[in-house]
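Please open the model in your viewer, with residue selection at hand, and follow the stops below in order.

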Amino acid sequence: DNQIRFVKSALWYHGYGRPELYRLPSDGSAGSRELLLAFSWLLHRISLLEQLLARNRVKTGDETSVCTCEDALPNSQKSTTEMAPEYGLEDRIDVRYLQWLNGRLRYQWRGLHAQQQEQCKLLHKIHLFTSGSHMDQILGHFSVTETDLVRQPENYTQLLELLESETMQLEAFLEWKQLEPVYWQWMETVLDNMAEEGNMCESRDAHVEKSGLPKAISSCPWADGLTGQIERLSRDLMNLHDQLHKLVTRRKAAWCEKVKTREEELQKEDFSAAARKIQGSVELKLLDLTSLCAPKNKKMHGSCRLVFRSRHPAGKTGFDGCVSKEPVAAVGAAEVIGDLRLREASLRRELRRLQEECWQRLDEIAEGMDGVICVPP
């Protein structure tokens, strides 16, 4: 049961939306075809096999994770007042608890940063002391795994087994790539069969609804009570629909009045000040648009191998620990720092915008409270 719930929750997390899978029994007695569909969806959606290969590969110990990708900031450009639901007082979370969580996260982040700095210092010592010892002139130094193997030669058997296992996985992946078109053709037939069965079930249900239900209702003694409950539910739903329509109409009228008042206030303000403010916001958006429309060839995401380059300027930094005789794509620390600074500036602008929206929202709430004075921090 725990495994089945875990599989369902993981698929839900990744966005799998087929409801038939989540209706399967928890004892595992049915649903093999639904699991096949879900597995095929994962193969196509998240590149499952490639992720498994990257996770199970033999580590050199010189890797570090680098990400200079831009998040989809335009998705978060909506106003917080429009996105935030109106909860009651009983559903609100204590601000002090959020502050405690924020402090704990900051503490753990600083500890992680200190550990990464210590790891980089030790890695620099290994690269410096073994510089010029490697047969590969482009690389020029040993990795952490090679250094450990020099110090403890008896561990070569374990490393050899890991390399053989990785080789077998790569061979299986190449064989899968050759047979992958056959697999997807088979999955097309599976989908067609499931669609035909779904149409047959719908027609059978419709036939039962047309022919069998009136007879059953006429012969059941509790049918009248059930029909009355359905009618009452229908009336309640209609009443709720009318109330929601009236509420939407009132909200729309209040919003139009608010917009009209804001337009009058803008007309009274100094035109030049408003123009400068609009120009500043447009420039910020243009900067974000420029960064988003920039070529993506220099954007990095994932694991990179660190290579010592002070004595070997020809050395290159390869992704995922791949080092060859030919120079591969490399990136310097200065480039990464520049990209991260641009990213930091973009996030700070987004933070200021969100803070201003929150302050405006708090001012609106404070205006509706009598006898309450809000002092900003």
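This is a predicted model, and the tour opens at D62, whose surroundings are listed as D62 touches L123, H127, F142, S143, V144, C304, R305 and L306, leaving aside residues up to four places away in sequence. In the chain, D62 sits in the loop that runs between α4 (48–56) and β1 (63–67), and with a relative accessible area of 0% it is buried. Show its side chain together with the backbone of V144, and you will find that the side chain of D62 reaches the backbone nitrogen of V144 at 3.1 Å.

Just after α1, select G15, which takes a positive phi of about 100°.

Now display the largest nonpolar core, which has 15 residues, and in which L11, Y16, L21, L37, A38, L42 and L48 touch the most other members. The elements giving two or more residues to this core are α3 (32–45) and α8 (156–219), and the largest share, five residues, comes from α3. Because domain 1 (1–46) and domain 2 (61–67 + 95–199 + 299–308) both give residues to this core, it lies between them.

Finish with the cysteines: a search of the whole structure finds zero disulfides. Select C120, which counts as partly exposed at 44% relative accessibility, and then C358, which counts as partly exposed at 38%.

How values were computed: Residues are numbered from 1 along each chain as its sequence is written. This is a predicted model: local features need pLDDT of at least 70, side-chain atom pairs count only at pLDDT 80 or more; totals for chains, interfaces and linings use all residues. Side-chain values use heavy atoms; hydrogens and water are left out. Helices (H or I, at least four residues) and strands (E, at least two) are DSSP runs, numbered from the N terminus. Buried means under 20% relative accessible area, exposed over 50%, partly exposed in between (1.4 Å probe, protein chains only). A polar contact is a pair of N or O atoms within 3.5 Å; within protein, one must be able to donate a hydrogen and the other to accept it, and residues adjacent in sequence count only if both atoms are side-chain atoms. Contact means heavy atoms within 4.5 Å. A disulfide is a pair of cysteine sulfur atoms within 2.5 Å. A nonpolar core is a set of buried Ala, Val, Leu, Ile, Met, Phe, Trp, Tyr and Cys residues joined through side-chain atoms within 4.5 Å. Domain bounds come from an automatic or database domain assignment.
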